Amino acid sequence: MLTTQTPDRDELVARASALVPLLRSSAARADEERRLSPEVIEALTDAGVFRLRVPARYGGYEVDTRTLVDVTTELGRGDGSAAWVAQVYAIPGWMAGMFPDSVQDEVFATPDVRVCGTLSPSGTARPAPGGIVVDGRWGFISGAHHAHWQVTISVLFPEEGEPYPVMALVPMSDLTTVDDWYAHGLKGSGSITTAAQNLFVPAERVVPLPAVLQGRPASEASARIPMYRSPLLPVATAATVGTLLGLAKAAREVFVERLPDRKITYTGYESQRAAPVTHLQVAEAAQKIDQAEFHAYRLATTVDTKAADGTPWKLEERARARADVGTVCSLAQSAAETYAAASGGSSVYRDVPIQRIANDLRAAALHALINPATNAELYGRILCGLEPDTPYI
């Protein structure tokens, strides 16, 4: 059994911060190729990014949520697609820890293993001797090109009883990939479609999704680890906020970098930096980033505190987790749009990164787990004393 000396939060954040120049210089290539480059994957590997949510007994760092948020925030400052893929690997990677220990032994035997996946039950499954047979297509599988395993969600139709969703771990070599990722944002995330036809999955690599949604691992070892003591949705939402926050900070940084040499055309301002309208825009955007940071850290702190002391999650807290990620996204997107609007006509050129950043946040806001409107509606529903209308809480 492997163990490793776990770097502390400051070191892991410093490693991620050191990658920002590489990620920024590689972003255009990632957009063009619609996936991260091998060099970026190697750099993320060397920085230990893919070990963040791996159990320590397999050589992972088993970090808390706040550390994950801080690391992905730094990556988001460099490239939204790189941070997005890193956060996605962190979520299905965590989900892999919900399987029996024998399955984890197989998955985590690969150093710096990369697990992709989705929460959408877009496959069907039927019982078979020793396991199930799966058919389906799963879209938006970020990082699929570089992954070793995929978490698939399918609806199992048992011989008796009602259908229910199951989570199955599948080697990428067992899946067909469909190169269909032509998007306006997060272009470098490689979020392609994967498919399976008559795919047999052994029973030990199948667990009921409701158990995972409630944070009940099928592993005695995982049950003793704090990071596995939370329901899936709070874990997933908390893993997502860093990328959004990092993109907002990137928008601020690239705007300020261009500011000293820009004038406002057709006005008397030879320096945009001297214009009151710029002062108002910059202040407004900065305040929104501060607010986004509050919600991001509140969510991370809630997940970590409950994981540490084992306090049960209240329904309102679970709904608020989804509301928090939506709020972070809304504020981050609004801040980036303010910077983009203030960047002038020259910013439409592809080599000016503000447009890529804004497009990445627009794309992120459309994700079902992040969407600010649907998450706010769910939170309000719970605050009004109604039961949730979804199991994804």
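Trainee: How many bridges join strand E6 to E7, and in which sense do they run?

Mentor: Three bridges join E6 (residues 176-178) to E7, and the two strands run antiparallel. Strands pair if DSSP finds at least two bridges between them. Before we go on, this is a predicted model, where local features need pLDDT of at least 70, side-chain atom pairs count only at pLDDT 80 or more, and totals for chains, interfaces and linings use all residues. Residues are numbered from 1 along each chain as its sequence is written, and side-chain values use heavy atoms, with hydrogens and water left out.

Trainee: What makes something a strand or a helix here?

Mentor: Both are DSSP runs numbered from the N terminus: helices are H or I with at least four residues, strands are E with at least two.

Trainee: Which residue of E7 is the bridge partner of Thr 177?

Mentor: Thr 194 is the partner of Thr 177. E7 also pairs with strand E3 (residues 131-141), in the antiparallel sense over eight bridges. There, Ile 132 stands opposite Val 201 of E7.

Trainee: How do you know that E7 is mostly covered?

Mentor: Eight of the 11 residues in E7 (192-202) are buried. Buried means under 20% relative accessible area, exposed over 50%, and partly exposed in between (1.4 Å probe, protein chains only).

Trainee: What is noted about the phi of Asn 198?

Mentor: Asn 198 has a positive phi of about 50° although it is not a glycine, and its place is in strand E7. Most residues other than glycine have a negative phi. Tyr 266 also has a positive phi, near 65°, and is found in the loop between H9 and helix H10 (276-309).

Trainee: Why is Tyr 266 called exposed?

Mentor: Its relative accessible area is 85%, and the cut-off for exposed is over 50%. Tyr 266 therefore counts as exposed.

Trainee: Why do the buried residues of H1 line one face of the helix?

Mentor: The buried residues of H1 (residues 9-18) are Leu 12, Val 13 and Ala 16. Seen down the helix axis, they fall within an arc of 95° (taken from the directions from the axis to the C-beta atoms), so they line one face. On the other side of H1, Asp 10 and Ala 18 are exposed. The cover over the buried residues of H1 includes helix H2 (20-33) and helix H4 (65-78), with contact meaning heavy atoms within 4.5 Å.

Trainee: What makes H12 largely enclosed?

Mentor: Nine of its 12 residues are buried, so the rest of the structure largely encloses H12. Among those buried are Ile 354, Arg 356 and Asp 360. The cover includes H2, helix H5 (80-96), helix H9 (232-258), helix H11 (315-341) and helix H13 (372-383).

Trainee: Why is the contact between Arg 15 and Glu 11 called a salt bridge?

Mentor: A salt bridge needs a side-chain nitrogen of Lys or Arg within 4 Å of a carboxyl oxygen of Asp or Glu. Arg 15 and Glu 11 have N to O at 2.8 Å, so the pair qualifies. Both lie in helix H1, four residues apart, about one turn of the helix. A search of the whole structure finds 21 salt bridges.

Trainee: Which parts of the chain does the salt bridge between Glu 337 and Arg 362 link?

Mentor: Their closest N and O atoms are 2.6 Å apart. The pair links distant parts of the chain, with Glu 337 in helix H11 and Arg 362 in helix H12, 25 residues apart. Glu 337 is at 26% relative accessible area, so partly exposed, and Arg 362, at 27%, counts as partly exposed too.
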